[in-house]
Amino acid sequence: MTNPIVPIHVLTGFLGSGKTTVLLALLERLKAEGKRPAVIINEFGDADVDGLLVQDDIPTESMLGGCICCTIRGDLSMTILDLYERYNPDILLIEATGAAHPAEIIEGVSDASLLTRTELRTIVNVIDARMLLDTYTQSTNREARLYKSQIQTAGWLLLNKIDRVPIESLPELEKWIRQYNEHAPLVATIKGSEGLGFMDSHTQVNPGDIVAQREGAADLAMEEDGEDSHSSLTVKTYYLDEPIDRQSFQSACLSLPHGLHRMKGIVRFAGEQGLHLIQYAYRELEMMPIQPQKAVQEVLVVIGESDALSEANEAMLEIIGF
Ligand SMILES: Nc1nc2c(ncn2[C@@H]2O[C@H](COP(=O)(O)OP(=O)(O)OP(=O)(O)O)[C@@H](O)[C@H]2O)c(=O)[nH]1
């Protein structure tokens, strides 16, 4: 008997927009339905922070240190095949990095070696409503070009973090999004609590559309300065040997440069028990106690424009005690 074709759903969205949060909500739902999902998480940095949040009984592959849309694209189809053969999942969820161009990922997912085994069902784009509200008028900046191309390629749009914007701004945001994607269902949500209905979709992504989308996305990504919209993003990883001071960390986070888009990691605070998960996304800091089931390296990963990372480096070194 041949195995049924495994549907693939890809989560895209700018750095910190809420992809992992939506992924975890999806996994809860799938678990409740008795499904056997497998997960691929692609991290721009070389520390596996998101992978730690996925429950141990879910087969998860973390692809670190590059973007599956470019530097490690060739590895994607092999990783999918490996998960397919080892775990026989009935659904596969892929979380792209926040800097990924979805059209390039589609190519990896549609590799000939996967044709009889998997089927790309949905590209879901998670949009940070707060960030969009603050930046949608600056349509020429690089980040805006990247998230326009992500919106354009999506088959399902989640306008996330609506708790962070005034309710009356939603129609204006939706109107802006509709300029780039008229047809995909658009659902406003908080922490991915709504709008997971794409899981029930039975429509396969049409490879013919991909080419057109890819050209459109490339135009947006390369327009004006001729530079790829994520070529300026840099990642830096700080490995921590000692606990850090909570107060100085919090106050340093308040004055991080604007171009530092994302920080995440696992730290131990001086004088306190246990570990904390650090999430800094679009100027909002979250620190959550965690109890990982395996040994973890204490680490802080920062992602942003290279000049912002250089600017923040001194503050970061001070925090970690160098
Ligand atoms: N206020 C608010 N915060 C949210 C919401 N969804 C996610 N967050 C927070 O936003 C931060 C980033 O969320 P993630 O789910 O890790 O974002 P991501 O897109 O996976 O991040 P990267 O993989 O680094 O690009 C975390 O602190 C989340 O708790 C939301 O709807 N409202």
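**View 1. The shell around the ligand.** In this predicted model, 21 residues surround the ligand, the closest being Gly 18, Thr 20, Thr 21, Gly 98 and Gln 279; a residue is near a molecule if its C-beta atom, placed from the backbone, lies within 6 Å of it. Helix H1 (19-32), S9 and strand S10 (275-281) are the elements that give two or more residues to this shell. The largest share, three residues, comes from H1. Helices (H or I, at least four residues) and strands (E, at least two) are DSSP runs, numbered from the N terminus. By class, the shell holds three nonpolar, nine polar and nine charged residues; Ala, Val, Leu, Ile, Met, Phe, Trp, Tyr, Cys and Pro count as nonpolar, Asp, Glu, Lys and Arg as charged, and the others, Gly among them, as polar. Domain 1 (6-222) and domain 2 (233-319) each supply at least three residues to the shell, with domain bounds taken from an automatic or database domain assignment.

A note for reading all the views: residues are numbered from 1 along each chain as its sequence is written. Because this is a predicted model, local features need pLDDT of at least 70 and side-chain atom pairs count only at pLDDT 80 or more, while totals for chains, interfaces and linings use all residues.

**View 2. The antiparallel sheet.** Here five strands form an open sheet in the order S8-S12-S9-S10-S11, with antiparallel pairing; two strands pair if DSSP finds at least two bridges between them. Strand S8 (233-239) and strand S11 (284-290) stand at the edges with a single partner strand each, so one side of each is left without a neighbour in the sheet. On average, neighbouring strands of this sheet are turned by 10° against each other, direction ignored. Axes are lines fitted to C-alpha atoms, for helices over the stretch in contact, and angles run from 0 to 180 degrees between N-to-C directions. Look for S9 (residues 260-267) and S12 (residues 299-305), which pair in the antiparallel sense over six bridges. Met 263 has Val 302 in S12 as its bridge partner. Helix H9 (residues 306-319) packs on the sheet and touches S8, S9 and S12, its direction making about 145° with that of S12. Two residues are in contact if their C-beta atoms, placed from the backbone, lie within 7 Å.

**View 3. The parallel sheet.** Seven strands form this open sheet in the order S3-S2-S4-S1-S5-S6-S7, and the pairing is parallel. At the edges stand strand S3 (60-63) and strand S7 (186-188), each with a single partner strand, so one side of each is left without a neighbour in the sheet. Neighbouring strands of this sheet are turned by 20° against each other on average, direction ignored. Strand S2 (residues 37-42) and S3 pair in the parallel sense over four bridges, and the bridge partner of Ile 41 in S3 is Ser 62. Helix H3 (residues 102-109) packs on the sheet, touching strand S1 (6-12) and strand S5 (118-128).

View 4. Val 49 lies in the loop between S2 and S3. Val 49 is buried, because 22 other C-beta atoms lie within 10 Å; buried calls for 20 or more such atoms, exposed for 12 or fewer, and partly exposed is in between, with C-beta atoms placed from the backbone. Leaving aside its neighbours within four places in sequence, Val 49 is in contact with Lys 264, Gly 265, Ile 266 and Val 301.
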